[in-house]
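Student: I'd like to take a close look at one part of this protein. Could you walk me through it and how it sits against the rest?

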Amino acid sequence: MVKHIVLFQLKKDLPADRRHEVMMAFKSGIEALPATIPSIRKVRVAFNINPAEQWDICLESAFDSLADATAYGQHPAHQAVAGALKPHVAARSCVDFEV
């Protein structure tokens, strides 16, 4: 199994109410993807509660293989959700590892 962890830092100038809307839309969009992308074994989006840290959103997902994780990243449904978040992202970090 492969874990796919992605961290997002939102732009600092994003107003608080819009920030919340963007984060909730991303969470609901990503967590709905298993219905469309059956290779997703697990998916969860969580929000950082520690204001001293730089990352705002954590995406944790699991796949049977790295090939499945890569295909998920290229899937049009994933691209639509990620595309809606992208204009609001200041930084992104990702790691894929076997468990």
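Student: Which residues of helix α3 (residues 76–85) are buried?

Tutor: Keep in mind that this is a predicted model. In α3, the buried residues are His-78, Val-81 and Leu-85. They sit on the same side of the helix, because the arc they cover around the axis is only 70 degrees.

The buried residues of α3 pack against β1, α1, β3, α2 (66–74) and β4. Three of those partners, β1, β3 and β4, are strands of an open four-stranded sheet with antiparallel pairing, in the order β2-β3-β1-β4. At its edges are β2 and β4 (89–98), each with pairing on one side only. From one strand to the next, the twist averages 15 degrees.

Another of the partners, α1, also packs on the sheet, where α1 touches β1 (2–10), β2 and β3. The direction of α1 makes about 170 degrees with that of β2. As for β2 itself, six bridges join it to β3 (residues 57–63) in the antiparallel sense, and Phe-47 stands opposite Ile-57 of β3.

Ser-39 counts as buried because its relative accessibility is 18%, under the 20% cut-off. Apart from neighbours within four places in sequence, Ser-39 is in contact with Ala-62, Phe-63 and Asp-68.

Methods: Residues are numbered from 1 along each chain as its sequence is written. This is a predicted model: local features need pLDDT of at least 70, side-chain atom pairs count only at pLDDT 80 or more; totals for chains, interfaces and linings use all residues. Side-chain values use heavy atoms; hydrogens and water are left out. Buried means under 20% relative accessible area, exposed over 50%, partly exposed in between (1.4 Å probe, protein chains only). Contact means heavy atoms within 4.5 Å. Two strands pair if DSSP finds at least two bridges between them. Helices (H or I, at least four residues) and strands (E, at least two) are DSSP runs, numbered from the N terminus. Axes are lines fitted to C-alpha atoms, for helices over the stretch in contact, and angles run from 0 to 180 degrees between N-to-C directions. The arc is that of the directions from the helix axis to the C-beta atoms.
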